[in-house]
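Visitor: I would like to learn how to read contacts, salt bridges and an interface from a model. Please take the features in turn.

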Amino acid sequence: MPDNDNKVTRRQFLNYTLMGVGGFMAAGMLTPMIRAAIDPVLKVKEDSGFIPVGDIKDLTNEPKRFDFKVTVQDAWHKSEETNTAWIYKDNDKIIAHSPQCKHLGCVVNWAGDPNKPNQYFCPCHNGYYEKDGTNVPNTPPIAPLDRFEVDVKDGTIYLGKIIPVA
Amino acid sequence: MLKKLYDWIDERLEVTPMWRDIADHEVPEHVNPAHHFSAFVYCFGGLTFFIILIQFLSGMFLTLYYVPDIENAWKSVYYLQNEVAFGKIVRAMHHWGASLALVMMFLHMLRVYFQGAYKKPRELNWIIGVLLFIIMLAFGFTGYLLPWDMKAVMATKVGLQIAEQSPLIGGVLKTLLSGDPTIIGALTLTRFFAIHVFFLPAALIGLLVLHFYMIRKQGISGPL
């Protein structure tokens with residue numbers, strides 16, 4: 001320790017400058033690598049927007065199956081996936097359900113169980129949902145079916161994101 | 001705080017003598033650029049090692065995005081280059097570092113050669129150095145193919161034809177490298193990737209350990 005408190009010894013000075021410069025250089029090397037590595041976390045994923053799935057004239061009060069293609073961009077790999085929605089008219093409202101069961105993610109079918117023609121049925125563990133998507137109590141599902149965002153333009157139904165029913 | 005943590009570990013494991021043995025030893029005057037500026041030539045070996053460390057690090061990060069497959073290799077590099085933030089820089093570090101490592105290694109070799117530092121008792125270390133030289137060239141050769149663009153494939157084609165000219169074993173050697181007697185394709189890429197990323201680093205680390213151990217054992221060669 002120096003006799004004067006304000007004084008920095010030669011050894012301390014060298015220590016600080018060398019550590020400082022060294023740290024700066026190390027940071028310069030590591031910053032790009034770490035930033036590149038964490039890029040998937042920071043990337044803003046743009047959603048695919050609304051996709052046309054069918055004609056509004058085809059809708060009835062009974063849920064009807066609509067298959068549609070979604071383009072999925074997985075980093076450098078682009079692919080088309082087929083997605084399904086069950087859509088029906090509730091007065092002037094249009095409801096589009098995602099067929100993914102809220103129990104363990106199997107695919108549900110409208111009237112999949114011949115004995116229950118007015119319910120969605122999941123064959124994996126006998127899950128049931130009402131027409132409006134609410135899960136039937138005492139069957140495995142623990143939440144109502146998810147719904148698609150729906151938009152209608154010029155008589156065509158467009159579906160957007162899947163949104164869980166609160 | 002850090003000091004306390006260090007002391008706590010040191011008290012139990014006695015790390016100080018270990019790192020002192022590795023790092024804390026006197027630099028002879030003739031090797032210290034502060035005394036003789038021309039002594040900077042002694043830095044080239046260390047610089048080579050420093051760049052190799054950067055190559056290891058940047059290479060590890062590159063594998064987060066790269067796939068060694070003929071359909072996707074180029075696309076994954078393109079993605080890394082254009083879509084990943086700072087991906088361009090990480091790849092540039094690896095790209096330029098590769099050339100720089102070879103330059104530094106060559107300068108290091110020139111210093112050892114012209115100072116006669118390879119003479120008795122350091123002949124063995126010179127031999128290890130020659131092996132390291134070959135390993136580094138192999139790194140460059142195998143790494144060059146991985147972006148899988150036309151330049152890479154054409155350069156590899158030439159390299160494989162050179163290998164094919166080896167007496168007696170030429171044909172076998174070429175097939176061993178490229179994975180197919182005629183095609184430069186899927187197997188060539190996976191092989192070059194595996195060699196570049198697993199086999200060569202293992203060999204490099206082993207040889208570097210020997211290289212450094214011998215320096216510590218024999219000391220730096222005396223002044224001219």
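Visitor: Which residues does Ser98(A) touch, not counting residues up to four places away in sequence?

Guide: Some conventions come before the answer. This is a predicted model, in which local features need pLDDT of at least 70 and side-chain atom pairs count only at pLDDT 80 or more, while totals for chains, interfaces and linings use all residues. Residues are numbered from 1 along each chain as its sequence is written, chains are lettered from A and ligands numbered from 1 in the order in which they are written, and side-chain values use heavy atoms, with hydrogens and water left out.

Guide: Contact means heavy atoms within 4.5 Å. On that rule, Ser98(A) touches Leu145(A), Asp146(A), Phe148(A) and Ile162(A). Ser98(A) sits in the loop between β4 (93–97) and β5 (109–110) of chain A; helices (H or I, at least four residues) and strands (E, at least two) are DSSP runs, numbered from the N terminus.

Visitor: Is Ser98(A) buried or exposed?

Guide: Buried means under 20% relative accessible area, exposed over 50%, and partly exposed in between (1.4 Å probe, protein chains only). Ser98(A) has 5% relative accessibility, so Ser98(A) counts as buried.

Visitor: With which residue does Asp146(A) form a salt bridge?

Guide: Side chains of opposite charge can pair when their charged atoms come close. The rule asks for a side-chain nitrogen of Lys or Arg within 4 Å of a carboxyl oxygen of Asp or Glu. Asp146(A) pairs with Lys102(A), the closest N and O atoms being 2.8 Å apart. This pair links distant parts of the chain, 44 residues apart: Asp146(A) is in the loop between β7 (127–129) and β8 (147–153), and Lys102(A) in the loop between β4 and β5. Asp146(A) is buried at 11%, whereas Lys102(A) is partly exposed at 25%.

Visitor: Which residues do salt bridges that share partners join into one network?

Guide: The network consists of Arg35(A), Asp39(A) and Lys43(A). Asp39(A) meets Arg35(A) at 3.1 Å, N to O, and Lys43(A) at 3.2 Å. Asp39(A) is buried at 5%; Arg35(A) is partly exposed at 24%, as is Lys43(A) at 34%.

Visitor: What area is buried between chain A and chain B?

Guide: Buried area is the accessible area (1.4 Å probe) that two parts lose on being put together, summed over both. Here that area is about 1500 Å², with 79% from carbon and sulfur atoms. Met29(A), Met33(A) and Trp76(A) supply 46% of the area that chain A buries against chain B, more than any other three residues.
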